[in-house]
Amino acid sequence: MERLHTLIDSPYGPLTLVATDGVLSGLYMTDQRHRPAEETFGDRDPAPFGEAISQLAAYFAGELKDFDLPLRLDGTPFQRTVWDELRRIPYGETRTYGELAAILGKPGASRAVGLANGKNPIGVIVPCHRVVGANGSLTGYGGGLARKQRLLAFEGGAAGGEDALF
């Protein structure tokens, strides 16, 4: 198993991209909760990340709403099911933890959904920032609530106020 990583700049701070055997397996923000240790990221080499970098640049420029990248999501079967469902939340929309639990056929599992959401290894591309509390409040985000608020405002088309986001 070969792991490589690279660093890119974004409007939300530096992002670390990690590939396992040439497939994107991690996107981490600085100071992110559940961020693996740096030594697990492998050597620094931008080679496997060209398409991911292009799509992220288009997303941050407001030109891309749906990512189309092969991903390697390593986790439990339940976590992978939650992460797959996150990818179905449309750009500019949110879902509550309870709504996700109900969609997964486990209406009492909103806390388990929240835990799986928090362990998402590929932030932004697997949009865990689109999940909110039952009353619509911003709750928990591995990258910090300020980043979550900015990402949601950006996706929500805070058009006239876009300058305030960056």
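Of the 166 residues in the protein chain, 43% count as buried. The model is predicted. The protein chain exposes about 8,200 Å². Carbon and sulfur atoms supply 50% of that area.

Next, the order of elements. The protein chain holds five helices and six strands. Read from the N terminus, they run β-β-β-β-α-α-β-α-α-β-α. Contacts in the protein chain can be sorted by separation in sequence. Among those with a separation of 6 or more, 59% join residues 24 or more positions apart.

Now look at one helix pair. Two packed helices are described by the angle between their axes and the distance between the axes. Helix 2 spans residues 77-86, and helix 4 spans residues 110-118. They pack at an angle of about 80 degrees, and their axes are 9 Å apart. Angles of 65 to 115 degrees count as roughly perpendicular, so helix 2 and helix 4 are roughly perpendicular to each other.

Which residues make this contact? Helix 2 brings Phe-78, Gln-79, Val-82, Trp-83 and Leu-86. Helix 4 meets them with Ala-112, Val-113, Ala-116 and Asn-117. Seven of the residues in the contact of helix 2 with helix 4 are nonpolar, two are polar and none is charged.

Stay on helix 2 for one more residue, Glu-85. Is Glu-85 buried or exposed? Its relative accessible area is 12%. Buried means under 20%, so Glu-85 is buried. What does Glu-85 touch, leaving aside its neighbours within four places in sequence? Glu-85 is in contact with Leu-100, Ile-103 and Leu-104.

How values were computed. Residues are numbered from 1 along each chain as its sequence is written. This is a predicted model: local features need pLDDT of at least 70, side-chain atom pairs count only at pLDDT 80 or more; totals for chains, interfaces and linings use all residues. Side-chain values use heavy atoms; hydrogens and water are left out. Axes are lines fitted to C-alpha atoms, for helices over the stretch in contact, and angles run from 0 to 180 degrees between N-to-C directions. Helices (H or I, at least four residues) and strands (E, at least two) are DSSP runs, numbered from the N terminus. Angles under 35 degrees count as roughly parallel, over 145 as roughly antiparallel, 65 to 115 as roughly perpendicular and the rest as oblique. Contact means heavy atoms within 4.5 Å. Ala, Val, Leu, Ile, Met, Phe, Trp, Tyr, Cys and Pro count as nonpolar, Asp, Glu, Lys and Arg as charged, and the others, Gly among them, as polar. Buried means under 20% relative accessible area, exposed over 50%, partly exposed in between (1.4 Å probe, protein chains only). Accessible areas come from the Shrake-Rupley method with a 1.4 Å probe; for residues, only the protein chains shown count as cover.
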